[in-house]
Amino acid sequence: MSEVDVNPGPAREGVDTGGPTIMPGENRDTHRTTTRSITSNVMLLAIGLLFLAPMVWLVFSSLDSQATWSVEWPHFTLSNFSQVLTGSDLQALVNSIILAVLSTLIATVAGMLAAYALSRRRIPFKGPLLLFVLFTSGVPLTILIVPLYQLFATYGLLTIVPTAVFLAVTSLPFEIYLIKNFIDAVPEDLEEAARLEQANTFQVLTKVVGPLALPGIAAAAIFGFVNAWGSFVVPLILISPSTQQPAPVAIYGFIGAANVRYGDIAAYSLMFCVPVFILYGLSSRLFREGFVLGGAVKG
Amino acid sequence: MVSTAPLDTINGPHVSELWNTRNDRERFQWGSLALLTPAFALLVVLFLIPVGYAVYLGFTNLTLVGPTAVHWGFTGAQNLTRLRTDTTFIASLRLTAFFVVGSIIGVVVIGYGLASLLQRAQTWIRVIVGGVVVIAWMMPAITAGMTWYASTTAGGTFATLTGLNQSDFLSSQPLLIVTIANIWSQTGFAMLVIGAALRNIPSEILEAAIVENASPWQRFRLVTLPILRPTITAVVLLVALLSLANFSLIYVMTQGGPGNATNILPLYSYQQAFQFNNLAYGALIGNVMVLLAAFFGVLYVRVATRRS
């Protein structure tokens, strides 16, 4: 987790305008600068502690054989982890993987094809199409739950695969934007060279544009995965068989159980977070570039 | 498959392209349609149609169980009349406004504060504090809700920290606590993008302001803030949309309670649809959210496309 490259600093690769930034006020009034620097460091530590406080319970209780809701130094054990890696709890984690992988595949493939066409081809009404995509990425998806439940129930689709397809749609707009921005940056000359060698569109996509836009595609895929992995209300309502429910629903079930197993909740939640942290860590640079390129955020 | 080479290429146009009447721009290719179809078919079937269907459902008497679960139909403005006099709905609007506005203010102020403090902080502090805030942002909503539930319930971390050991903050100040939890889980994003924007401010501008003897407040108000404005606007709108749609975090922590104390629109819509079995009425409350989201969405699109 600590290798997450997320710490805003004056000199960093990627987004920087080049060269270390010299902060105004430095070397000007050394005494005042020192006081200010100490104050800001102390303030930062205080805010950091406040942000850290809620997480302490999660870590301590996951290692505590006698965990409760309160924060105590753990009676060290790893049995909480082994206990939740069995039976229906393990099944829920497997379901989460199926749901997330399937949804990521669908969204990334469909997103890449559309992004390529929107980036390179002449398409009538391209402006309105892009606006539609941008707009769908901004609409809260909670509002789709009722109509989708009714549609899925009518056609008997309240299972894991249709839910994965819907989750793919929820991340599709942002994935299209992200990948399109990366394809826009791939020089067209390379593609024309491939065309002259009689490459067809499929070959251009897989051998030229795909590899060159890979950081963007990877970032988009990670976004899709994290989006599907963390989603709770969509599977809660759209998946009817309890054996197909993913981990977030299982976590929620822990709280409602007759005798709450605090240590298990913490251990399971922590394990559930780990893939997200790793993926974000891997992609934090790609993501940041994606956001900057996305046009939504320009400084 | 027809070649995509633009006609101004030095290699000259393909013979097939010479037949065409317009040679001054790239032609539409039917192959493009094949590329666009998967994505847009999905978006239309699972996004556009459900939104339209939701609008219709809002004006029906569909229920989850009972006779009207099967034999349901259009009932006109009946649900609208009910909505206008529904005190829980009106209270829910107020709760939603508090939750969304509170979250925006908290996220932007703390996110900016952190971003600017981190710029002049020592490296190890930057790594640790920045890391903790970003981890809070990355945490899936269900886990964030869990940790906040554990921390604010009776005997939890915050009760211990404040020395009021048996006080149950989540029961006594539910709306405030879920708003703080939401701020906690979104600040990392604001910190990252505002930090990136801050680093892109050319240092000469701030140096010039210092030479002109501008006070720190003047530098912030007259130099930094105008440059950051597009970024902050984008953050405000994204936080607004994400908070408006927030379901999981609050559902895990309070389920909208105690009573209706944290019953913001997404939760009330869910409650009506799936707990009180009024699918149609739940859809109508969802439609109100569509309108609110569309307002923010239009603003978002305008801001996002203004300079590109």
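Reader: At what angle do the axes of helix H5 of chain A and H2(B) cross, and within what distance do they come?

Author: This is a predicted model. In it, the two axes cross at roughly 95° and come within 8 Å.

Reader: What makes H5(A) and H2(B) roughly perpendicular to each other?

Author: Angles of 65 to 115 degrees count as roughly perpendicular. The crossing is at roughly 95°. H5(A) and H2(B) are therefore roughly perpendicular.

Reader: Which residues meet there?

Author: From H5(A) come A:Val146, A:Pro147, A:Leu148, A:Gln150 and A:Leu151. They meet B:Pro50, B:Tyr53, B:Ala54 and B:Leu57 in H2(B). Eight of the residues in this contact are nonpolar, one is polar and none is charged.

Reader: How many residues of chain B are in contact with chain A?

Author: 104 residues of chain B are in contact with 97 residues of chain A. Helix H2 (residues 30-57) of chain B gives the most to its side, with 16 residues. That side of chain B divides into 68 nonpolar, 28 polar and eight charged residues.

Reader: What makes B:Ala39 a contact of A:Ala114?

Author: Two residues are in contact if their C-beta atoms, placed from the backbone, lie within 7 Å. A:Ala114 is among the contacts of B:Ala39.

Reader: Which residues touch the most other members of the largest nonpolar core?

Author: A:Ala114, A:Ile179, B:Ala39 and B:Ile194 do, in a core of 168 residues. Helix H9 (residues 174-199) of chain B supplies the largest share of this core, 15 residues.

Key: Residues numbered from 1 in each chain as written. Chains lettered and ligands numbered in written order. Predicted model: local features only at pLDDT ≥ 70, side-chain atom pairs only at ≥ 80, totals over all residues. Helix = DSSP H or I, 4+ residues; strand = E, 2+ residues; numbered from the N terminus. Nonpolar A, V, L, I, M, F, W, Y, C, P; charged D, E, K, R; others polar. Axes fitted to C-alpha atoms, helices over the stretch in contact; angles between N-to-C directions. Parallel < 35°, antiparallel > 145°, perpendicular 65-115°, else oblique. Core = buried A, V, L, I, M, F, W, Y, C linked by C-beta atoms within 7 Å. Buried ≥ 20, exposed ≤ 12 C-beta atoms within 10 Å, placed from the backbone. Lists of a residue's contacts leave out its neighbours within four places in sequence.
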